[in-house]
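Subject: Structure handover

Hi,

Here is the structure I promised to pass on. Please open it next to this email and follow along.

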Amino acid sequence: MMNQRSISVAEMKSYYFFSEWCSLLDSVAKDEIMHQDIIPLYAADIHDQLKKQFAYLSGGRGGDGCPVITFPDYPAFSEIPEKEFQNVLTYLTSIPSLRDAGIGFILVIDRRQDKWTSVKASILRIAASFPGNLQLVLVLRPTGLIHRALSDIAFKFNRDEFKMKVPIIMLGSVSELQGYIDKTQLTEDLGGTLDYCHNRWLSLRTAIEGFAQKVKQTAQILQSFGTELAETELPNDVQSTSSLLAIHTEKKDKMKEDIRLAVEQGDDILGSITEPVTENPEYKLNQDQLDNQTTVERLLAQLHETESAFDEFWIKHQQKLEQCLHLRNFEQNFREVKAALDIVSERLSAFTDVGNSCSHVEHILKDLANFEEKSCETVAKARMLASEGDAFIQSNHYAVDSIIPKCSELHHLCDAFTTEMEQRRNVLNKSLELHGLLEKSMKWCDEGIYLLASQPVDKCQSQDGAESALQEIEKFLDTGAGNKIKELNKVYREYAHILNEDLKEHIQKVFQKQESMEEMFQKRQVSLKKLAAKQTRPVQPVAPRPEAFVKSPCTSPGLQRDCVSNTESGVLRKVNYRRGKSEMSELHQSRGGSTMDDEENLAVLRQHVMNELIETERAYVEELLCVLEGYAAEMDNPLMAHLISPELQNKKDILFGNMEEIYHFHNRIFLRELENYVEYPELVGRCFLDQMEDFQIYEKYCQNKPRSESLWRQFSDSIFFQECQRKLDHKLSLDSYLLKPVQRITKYQLLLKEMLKYSKNCEGAEDLQEALNSILGILKAVNDSMHQIAITGYDGNLNELGKLLMQGSFNVWTDHKKGHSKVKDLARFKPMQRHLFLHEKAVLFCKKREENGEGYEKAPSYSYKHSLNMAAVGITENVKGDAKKFEIWYNAREEVYIIQAPTPEVKATWVNEIRKVLTSQLQACREASQHRTLEHTQSLPLPASSCTSPSRNNIRNVKKMDERKADLTSLEGYVTTVAPKYPEKGKETPSSTAKSQTLPMILLTGPGWAKTSHSLDASEENDGWSSAEEPLNSSDAEEEGGGGGERNEMKLTPGKYTVVSDYEKGVSEEFAVKGGDLVQLIREGEDGLWYVKNLTTGREGWIPANNLLMLIGNSKSAQSLSSSESGTASSTLSTSSSCSDSCNASSTSFSDIKG
């Protein structure tokens, strides 16, 4: 779409001036060279006819300037075709100027070597065909005596036959000719001195006429181009304007080149004309040469003037186009900047919260500062664009009327944003000031209440003590000038513009608390003043209350007895009651509004995360569809087949993997399910959990990614992909979109973390946490599988080894019983770099090899070395001297591998995972053993066993195991549950009475374990597996327990614990814990009190230590769960190889234990 161009007056004048020069140049090129009224003849057209030289224009002139045309002696004159004869005469008569031609031509007919008959015929032919005016005809008659006499006689008697209006003079010699024409105007063959070369003349005439034609053509093209430029309509977009400017510039450059060539051609011709003068300064040009010089010089002058006019017009046209381009860029940037300003203004308008505390306001101010910093770039762009528009206005841009409103709007938007930002900042600073005042008042009240509660009663009973207490109170009240709220109405007036209902209520509560505290101080002052007065009789003081209970303002001092006065007693009781209950209630209520605001803010944040999740999910689905339709489907399109190289054909499944399956899952299922949770973002974890199995399809896609990327690198320059990208108008190539599924599956865990962050106290928090864990598990499985497919050299089927649980790089030492001693020593002290793959049925040892290449081809490969069957593997969790080491041993320590992890955390993760594998194998073996025992009791035939036959004790133990089968369904407690450290007095723990036994399925070994390893009976006596010693701290537990007998009483230490029973008897009625809550022991006070924070509810309070022992039960703090490194203590977990023999060995182990 174009806009009709509006041509300025200056541009119009320039155009008309240029157009006139073009017309003038055209006329000069036409008129100054050719004077024919009809179709002009050019030397190039009749070159061969002119070259015969039966007539020529020598350049000589008669006495009055008449041009001289010479007809030299030409034997075949009569044979010249009439057309050629007329063409030559017409051309020769058109060369002189109109003024000279108007005077008339002098014809010199040289027939000295001819016969009279031929002379007569020649004169008659010339007289009949000559197109111009004649002034004189001079004939050089034949020189022969007979023909000369004959010609004289015949001419006299036949004069009338020549039909010429001018006289014909018969001359007998050249000397007579010189009497009519000056010698200098005659050529040498006529006895003159005029320099004439017909070939040179012909060449010069051809060049001059070619130059004239070139000039004329140039003039016409220039005029046509100027008209095109003048009538050009201006585009409405940047690209079209830029393209138009480039096209016109290219045409202009071509015009300039044509003019340059024409000028160069004219200069060459002019040089040829003046060459004789240059070589010989005394040489004088004849009139025709002077006319040629004048003509060429005039053409050159006109050409230069026309070029100047064109340049002037082009400058204005180019300026117009450049201004148009600037305008289109300005308009486009204006739209973008305005949209960005609207966005930042909208976001700024969302900063309406004035906060509910100093920390909250500071957080909002920080967010506002960050937002302002990010918005500065947008505002700076807007101001720069406005300045650019102002510059256009100053430079008299043709579209000033369109630019001025936009610049004004930009200035207005920037100023409005800056003003609004400043107002928001001022409001928040005022809010911060108000909250600071409120918090100072509350802190002052708390300090006042603490002061009243901490004044000892016994000291106040004396006159000095009362006076001292009065001084303390007065000194404290003096500090209230800068801390308390003086006038409530003044606060309302000063902060009226930021007050809302919640903030007003908060101010009212703080002021009421302040008034109540001041009332207590007044009453205390009255009582103390009475006590400070001179006493007439002694007063027996009562025993003071221990000061230990008033160490902290959070500790209730309890009610105190006071025999001085009922008023003082009432005041103290009121103080205690207020601080013990009312104060906490008020604080709780005052914070209720804040909590409510926080919850609203969290709800907004949750909705924001949910919106982002759904919007990005929709975009993701659209991108997948775009790739499948724009690339994958096109590979099957017959119309595109010619663009696909043969090597790429039938490779669609490799290039795109199972992207179509991923698309259908998200489009048909997951996106629709997500949209059902748009109003309940905190419950979206359930959506993920319901579809978690379907997310396994990403593992297949990621495993195919290396092949896909390798194929892409081979054919990334294919015309097929370029054409598809062009059709889709994608800025990014296909490989960027093939990476989208990998990016998307990693994005989910970030969004779930954000959602969980804002939903910790919501109904769906557990589902969110479980969904996050599941997604992380999928990511881990995908990552592990990417490593697994890089294993080389393994003969078997990796899928038969079960699920891949863990993989990672470690330092490995070997310590085998078999083998040469030197080899053993070398292997023991020199670690091997190995990459371990833990499967459900085996652990693989591989050597990592780095590969060269790009992308996935650069990923390492793993050369298989050996593997261990998990049915015969055991672990030692702690190795002396290094917290990062653990042992994996095989076949009763026949082979020992010392594994050093990169960090203790990695070690703990691997140990826990191996422990789970071994525990699950134990459970499977025991269930199989129980099943066989049950079949045996039902007299079913038993399969033959190569192991020892089960004994009575074994059968009895199996029955006991069957009775407790429900308790054995969760064997994780065998490894992780800690024994109670507070047994009933006089009752021995199982570890003190158990005999040293070895379980072939699970072994607990280590120095000093002879009295602590549990047999099956021990487990039964102590409520199943829960009484087992903690494997990670076995040696430490034994040392603390003294190797048996009564345990030492548990000493509480600060840390995090899990509550196992409810408790609602805290000092504060607001503080309570429930089973399952996570609490943190912060510090120990006096009289057996512990200051505890409930991490689940966020509340704090004091709890007696004895109650804590019942609350946390067997819970262990984070500090106590670390692995022991003292001494040589270690814990070992394994499954014996007998598990692989249909669990036959388990029946033997039961027999051994009971026996």
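First, a definition: a residue is buried under 20% relative accessible area, exposed over 50%, and partly exposed in between. Keep that scale at hand. Note too that this is a predicted model.

Ile343 is found in helix H11, which covers residues 287-349. Its relative accessibility is 42%, so Ile343 counts as partly exposed. Now look for Ser375. Ile343 and Ser375 are 32 residues apart in sequence. In space, their C-alpha atoms are 9.8 Å apart.

Next, the whole chain. There are 1155 residues, and 45% of them are buried. The secondary structure comes to 35 helices and 20 strands. Take the contacts with a separation of 6 or more: residues 24 or more positions apart account for 74% of them. The chain exposes about 59,100 Å². Carbon and sulfur atoms supply 50% of that area.

As a reminder, strands of a sheet pair through backbone hydrogen bonds, either parallel or antiparallel.

Zoom in on E2 and strand E3 (residues 67-71). They run antiparallel, and three bridges join them. Leu57 stands opposite Ile69 in E3.

Helix H25 spans residues 740-757 and has 18 residues. From its first C-alpha to its last, H25 reaches 26 Å, close to the 26 Å expected at 1.5 Å a residue. Which residues of H25 are buried? They are Pro741, Val742, Arg744, Ile745, Tyr748, Gln749, Leu751, Leu752, Met755 and Leu756.

Last stop: Asn811. This residue lies in strand E9 (residues 804-814). Its side chain makes a polar contact with the side chain of Gln833, at 2.6 Å. Leave aside the neighbours within four places in sequence. Asn811 is then in contact with Pro831, Met832, Gln833, Ile898, Ile899 and Gln900.

Over to you.

Best wishes

Methods
Residues are numbered from 1 along each chain as its sequence is written. This is a predicted model: local features need pLDDT of at least 70, side-chain atom pairs count only at pLDDT 80 or more; totals for chains, interfaces and linings use all residues. Side-chain values use heavy atoms; hydrogens and water are left out. Helices (H or I, at least four residues) and strands (E, at least two) are DSSP runs, numbered from the N terminus. Buried means under 20% relative accessible area, exposed over 50%, partly exposed in between (1.4 Å probe, protein chains only). Contact means heavy atoms within 4.5 Å. Accessible areas come from the Shrake-Rupley method with a 1.4 Å probe; for residues, only the protein chains shown count as cover. The expected span of a helix is 1.5 Å times one less than its number of residues. Two strands pair if DSSP finds at least two bridges between them. A polar contact is a pair of N or O atoms within 3.5 Å; within protein, one must be able to donate a hydrogen and the other to accept it, and residues adjacent in sequence count only if both atoms are side-chain atoms.
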